[in-house]
Amino acid sequence: MTRLPDTWIDVAIPLPLYQTFHYKLPPDLINHVTLGSRVLVPFKNRKLLGFVVGFPKEGFPKAKPILEACPESFFSKEKFDLLQWISNHYAAPIGEVIKATVPLLKSKNPKKPKPFLFPKLSYTRPTALNEDQKKVLALLVQALNKKEFSPFLLHGVTGSGKTEIYLSIIEHAIQKQKTAIVLVPEISLTPQLLFRFQTVFPNQIAVLHSGLSQNQRHYEWTKIQAGKALIVLGARSAIFAPLQNLGVIVVDEEHDTSFKQEEKIRYHARNIALVRGQIDGALVILGSATPSLESMFNVTQKKLTYLSLPNRVQNRPLPKIELIPLNQNKTILEPPQIFSKPLLNALQETLHKKEQAILLLNRRGYAPVLLCQSCGYVPKCPHCNVGLTVYLKTNRLLCHYCNQSQSIPKTCKDCEHETLLTLGIGTERVEAELHTLFPDARIDRMDRSSTRKKNSLHRLLKDFSDQKTDILIGTQMLAKGHDFPNVTLVGVVLADTSLNFPDFRAPEQTFQLLTQVAGRSGRGQKPGRVIIQTFHPDHYCFKYAQNHDFLGFYKEELTYRQMANYPPYIKLFNFKIRHPNLLKAKTKIESLAKKIQKIRSQDPQIAVLEVLGPAPAPFSKLQGQYRFHLLVKSPSYALGQRLLKNLLQEEAFFTSSPKIHIDVDPLNLL
Ligand code: ADP
Ligand code: ZN
């Protein structure tokens, strides 16, 4: 988009700076610059590349002239509106937002990389949608035809045919020369979805995810820009794909926390999808069997239209869920009871019938704790304030936060007795126990430790899909959208691991995890069964999971959120510091608290904000860095942002070491 050039321009520099800078445009470069052009500018004795983000009307006589300009524009007006929204909402420097979301294409014709390998699975597209699906599709088509922003929440139970809806509505969009973005939590965990899209839309798909090399990313990006890919499938950053004529954005498994970026620009791709939909006039579908509380709340606020698929396709029943209370009265020194009688019997039965079972335990390694029985000593990571996880197969103690490991000591470091004992269970221990119990069964394990090697995840999923594996034990990776029709048993070995997290979202995340993993059972012709073992059978989260009652859970959880004053009733703003020097980190967060206190005393509107902390984060030291945070609860974004604006007037305070990171709508408070 070109505009009449002025004599001055605003330039965003890709550094952690909140302001933009004025430069003069020499007459010979006037026709070389448009919104989104890259320019070389003098900056504090350096020459830096920046982006043109504005054309100020007034003159700036003291502004220095730019040195060079590259006429090509790296973003459209629409894209820039989106980037600016992100910069405002997440209090992120605009230069960094641009840098993080617009890959700088080095050449117009990047070398052709190896093509993305779509998984080869089996899929036959259903010949027709069922009545429920047809109703939902009709409403979506109607909205698509309006050619304006229409946001929906598609709440469909597991196996209700949501993916078929995505495929159908995108077919409609393509017929109308429109394009589409489909966001999924993790590309490597969604081979089936990829395969289905590839089958329906051969050669029209670009795949964007974090595992791409720079060259691959450039290649895909150029392909999209040239209009050679009409559908972009990808993880959260795919929401920035340079598609023209965007008709549909799908956010599949919209509740998934991986849509939130936890570094640099701390955006949530679901939010960006809604804002982009608004700017591009697109249809936005947030799909899930367990919608986030935020999205469901937005339905009641009339910000999203609710669509539901309440039944599984072909009237397949949802699996029956049984709760098994575990014995709380055992001493910790007794060996853990991994399988209750009912779970053991169910496993036996499943193997006998040549069906498959999935076991979930959201904790990798052999055991989470090594303990000295004589003196109580527990080895901790020297860099992180956390205990080390025991890995027996490799004879290591591993830190899950910095990945450093050491071999398992024979004697206690403190009292030198040979009385070290492993406590608790992890996936490796369950796997070992399964081998003992079922020596003839084919058992595999899926967690971040077993899938680190390239292709191992792919191999593992393929083997399970080909029924070369009888029992698959794994962490939450297992719970995601997989569709294995021969799985008739899902066992949750210990549901309490996620319930015990010191986070207000723990019940929500546990409910989601249980419902999702239960949803892997009985997806084919044979009905499914789910057995959940827990020390807290009375927790409300189980009651609703057992009855497949998302709305019931939503209502009860919402009352607790309201009582405790948490989202979706209020907005959270988290200020975080991570620094190797404890005193510096502490001093800095304390002076931030003082500044906030001062603003509160001067501005009666900001005085209503609630401030928690400053305090050490629950993980008070990780990777050699001390962690502090200060949490602000605000009744609205506007008020929180008013505080931020006020604070950021003193920009250097935030950007100088120890840096203060601002996390708007934080998902992770640990
Ligand atoms: P979800 O995305 O809600 O979990 P899927 O779209 O994966 O559900 O559908 C679950 C299974 O049912 C898939 O194997 C799919 O091919 C099949 N399916 C979906 N819609 C229909 C239909 N109308 N008739 C028959 N089978 C269907
Ligand atoms: Zn560590």
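Started with Asn-203, which is exposed at a relative accessible area of 68%. My cut-offs are under 20% for buried, over 50% for exposed and partly exposed in between, with a 1.4 Å probe and protein chains only. Asn-203 has phi near 60°, a positive value in a residue other than glycine. I found Asn-203 in the loop between helix H5 (191-200) and strand E8 (205-208). Helices (H or I, at least four residues) and strands (E, at least two) are DSSP runs, numbered from the N terminus.

Ground rules, before I forget. This is a predicted model, where local features need pLDDT of at least 70 and side-chain atom pairs count only at pLDDT 80 or more, while totals for chains, interfaces and linings use all residues. Residues are numbered from 1 along each chain as its sequence is written, chains are lettered from A and ligands numbered from 1 in the order written, and side-chain values use heavy atoms, without hydrogens and water.

Checked Gln-467 next: its phi is also a positive value near 60°. Gln-467 sits in the loop between helix H11 (456-465) and strand E21 (471-474), and it is partly exposed at 40% relative accessible area.

Val-207 has Leu-233 of E9 as bridge partner.

Then the cis peptide bonds. One joins Gly-613 and Pro-614, with omega about 10°, and Pro-614 is in strand E25 (residues 610-622). Another runs from Ser-657 to Pro-658, omega near -10°; I see Pro-658 in the loop between helix H18 (651-655) and strand E27 (661-664).

Last stop, ligand 1. I count 17 residues around it, the closest being Ala-128, Gln-133, Lys-162, Thr-163 and Arg-196; the criterion is a heavy atom within 4 Å. For polar contacts I want N or O atoms within 3.5 Å. An oxygen atom of ligand 1 lies 2.7 Å from a side-chain N or O atom of Thr-163, and one is 3.2 Å from a side-chain N or O atom of Arg-523. The protein covers 83% of the 560 Å² of accessible area that ligand 1 has on its own, by the Shrake-Rupley method with a 1.4 Å probe.

Key:
Two strands pair if DSSP finds at least two bridges between them. A polar contact is a pair of N or O atoms within 3.5 Å; within protein, one must be able to donate a hydrogen and the other to accept it, and residues adjacent in sequence count only if both atoms are side-chain atoms.
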